[in-house]
Amino acid sequence: LQAIVDYVQTPQTDYALLITGPWGCGKTHFWKNVVEPKLRRLKSGGVAWRPLYASLYGCRNTKDIDTQLFLASHPELRKRLTARVSSGAHALWPLMKAFTRFELPAIDLRWLVNTKHAVLCFDDLERTQLPMKEALGYINAFVEHEFVKTIILCNEEEINEDADKKTYATMKE
């Protein structure tokens with residue numbers, strides 16, 4: 001936890017942190033129940049940090065990740081969508097589809113994600129359906145070009161395909 005706090009409080013970084021371990025060891029639990037609450041209490045220039053979480057599990061393209069980050073950066077919208085959809089308002093089905101894992105080609109959600117004072121968490125890297133090079137390249141755009149604080153949760157031992165293992169080993173540094 002202290003390593004994460006130190007990283008977040010470092011003024012400008014061009015690297016991400018990796019938390020790795022076997023499935024079931026508590027990486028996601030640690031993030032959601034220990035790290036997120038701590039980050040929300042930390043301030044930078046009088047403004048609290050905003051942890052944004054996205055699971056890469058099953059993501060087939062970067063638009064899937066964009067959608068998760070967009071909804072994480074706009075929790076009031078996510079709350080409204082969830083409430084209306086769960087109330088049985090079938091007329092909202094097109095809107096619900098637009099803000100889940102379905103494609104929304106008319107809008108590039110990536111540029112609507114507010115990364116100011118954000119700490120991004122990308123979970124389940126080993127479970128993405130994206131090629132490893134594409135997934136890490138997507139994450140790297142935040143890290144090295146936008147200098148967004150970024151944490152990756154991953155079970156390195158479960159990266160299956162040989163090409164992905166080689167790419168991961170090369171790119172993770």
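**View 1. Surroundings of N155 in the predicted model.** In this predicted model, N155 touches T20, G21, P22, W23, K27 and E126, leaving aside residues up to four places away in sequence. N155 itself lies in the loop between β6 and α7, the latter spanning residues 162-171. With a relative accessible area of 4%, N155 is buried, because the cut-off for that class is under 20% relative accessible area. T20 belongs to the edge strand β1, which covers residues 17-20, and T20 is one of the residues that N155 touches.

**View 2. The cysteines C121 and C154.** C121 has a relative accessibility of 0% and therefore counts as buried, and C154, likewise at 0%, counts as buried too. A search of the whole structure finds 0 disulfides, a disulfide being a covalent bond between the sulfur atoms of two cysteines.

**View 3. The open parallel sheet.** In the order β1-β6-β5-β4, 4 strands form an open sheet whose pairing is parallel. The edge strands, each of which pairs on one side only, are β1 (17-20) and β4 (50-55). From one strand to the next, the twist averages 20°. Strands of a sheet pair through backbone hydrogen bonds, in either a parallel or an antiparallel manner.

View 4. Helix α1 (residues 2-9) lies across β1, β5 and β6 and runs at about 150° to β6.

**View 5. Aromatic rings around F142.** The count of aromatic pairs comes to 4. One of them is formed by F122 and F142, a tilted pair with 6.0 Å centre to centre and 40° between the planes. This pair links distant parts of the chain, since F122 sits in strand β5 and F142 in helix α6 (residues 132-145), 20 residues apart. Y138 and F142 form an edge-to-face pair, with 5.4 Å centre to centre and 75° between the planes; both residues lie in helix α6, 4 residues apart, or about one turn of the helix. Through these ring pairs, F122, Y138 and F142 are linked into a cluster. F122 and F142 are both buried, and Y138 is buried as well.

**View 6. The whole chain and its confidence.** The chain has 7 helices and 6 strands, which follow the pattern α-β-α-β-β-β-α-α-α-β-α-β-α when read along the sequence. Of the 173 residues in the chain, 42% are buried. Among contacts between residues at least 6 apart in sequence, 73% join residues at least 24 apart. The mean pLDDT of the chain is 86, with 83% of the residues reaching 70 or more.

Notes. Residues numbered from 1 in each chain as written. Predicted model: local features only at pLDDT ≥ 70, side-chain atom pairs only at ≥ 80, totals over all residues. Heavy atoms only, no water. pLDDT = per-residue confidence, 0-100. Helix = DSSP H or I, 4+ residues; strand = E, 2+ residues; numbered from the N terminus. Buried < 20%, exposed > 50% of the residue type's maximum accessible area, 1.4 Å probe, protein only. Contact = heavy atoms within 4.5 Å. Disulfide = S-S within 2.5 Å. Pairing = 2+ DSSP bridges. Axes fitted to C-alpha atoms, helices over the stretch in contact; angles between N-to-C directions. Phe/Tyr/Trp six-rings, centres within 6.5 Å; stacked < 30°, edge-to-face > 60°.
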